[in-house]
Amino acid sequence: MSSNSVSSKPMTNKPMSYKHWRIDRDDNNIVWLHFDMLDVKANLLSQEAIAELYDLLDSLSADQSREKLRGIVICSDKQDSFIFGADIKEFTTLDDLDQATLFLQNGHDLMNKLEAMACPTVAMIHGFCLGGGTELSLACDYIVASDDRRTRIGLPEIKLGIFPGYGGSVRSVQRCGPLPAMDMMLTGRMLQTRAAKKIGLIDEMVPYRQLHRAAEHF
């Protein structure tokens with residue numbers, strides 16, 4: 001990887017062509033951001049996907065000055081996953097500290113942008129939501145998840161010898177309290193929806209058929 005391979009794309013305001021995200025705005029002026037990573041079976045929070053979402057949120061922030069945006073819902077168009085985590089193959093291409101710092105900063109910039117949105121933001125989870133996907137959810141105001149047995153939520157980074165690098169270590173403690181959050185991070189356990197609801201990681205657990213309505217409610 002060259003020294004320019006990790007770009008600071010999330011900081012750009014230039015228009016982008018979105019390869020991995022689809023935008024729907026419904027009659028209630030709620031924006032649904034559909035994550036559907038190109039040419040893969042599961043969504044990964046790659047640097048390209050991060051840059052695109054940052055740009056989308058930046059555009060929506062500007063829109064709010066012209067019209068009332070009632071909310072943003074982040075969802076997945078993949079069958080059995082929300083976001084499977086970061087693209088760990090990108091980790092192996094980092095050559096030096098400067099690249100690694102920029103890599104992490106791009107993720108933090110996205111999470112901070114999402115957290116700072118003026119309208120309510122909701123993560124709508126069905127299927128696997130791990131690592132960076134969980135960190136993205138934690139940056140939203142609300143998290144709703146299906147009660148499907150395939151839905152799993154967690155921060156398993158410790159199994160790779162690292163820790164949540166996009167602010168999840170702080171936001172999980174703020175949301176769940178220190179003991180449940182540290183237990184989740186230090187064991188790397190993937191929680192079923194009921195367990196996630198019990199510790200306060202998510203706001204609502206509903207059957208899959210009611211998931212859209214629950215996200216709209218919040």
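**Exercise 1. Find how much space lies in the largest pocket and which residues lie nearest its centre.**

Solution. Start with the space: the largest pocket holds about 540 Å³. Here a pocket is an open set of points on a 1 Å grid over the protein atoms alone, where a 1.4 Å probe fits, with protein on both sides within 12 Å along at least five of seven lines. A volume is the space filled by probe spheres set on the points.

Next, look at the lining, meaning residues with an atom within 4 Å of a point. There are 25 lining residues, and Ala-86, Ile-88, Phe-91, Leu-160 and Ile-162 lie nearest the centre.

This is a predicted model, so local features need pLDDT of at least 70 and side-chain atom pairs pLDDT 80 or more, while totals for chains, interfaces and linings use all residues. Residues are numbered from 1 along each chain as its sequence is written, and side-chain values use heavy atoms, without hydrogens and water.

**Exercise 2. Decide whether Lys-78 is buried or exposed, then find the partners of its side chain.**

Third, follow the side chain. One 2.8 Å polar contact links it to the side chain of Asp-36, and the backbone oxygen of Met-37 is also reached at 2.8 Å. A polar contact is a pair of N or O atoms within 3.5 Å; within protein, one must be able to donate a hydrogen and the other to accept it, and residues adjacent in sequence count only if both atoms are side-chain atoms.
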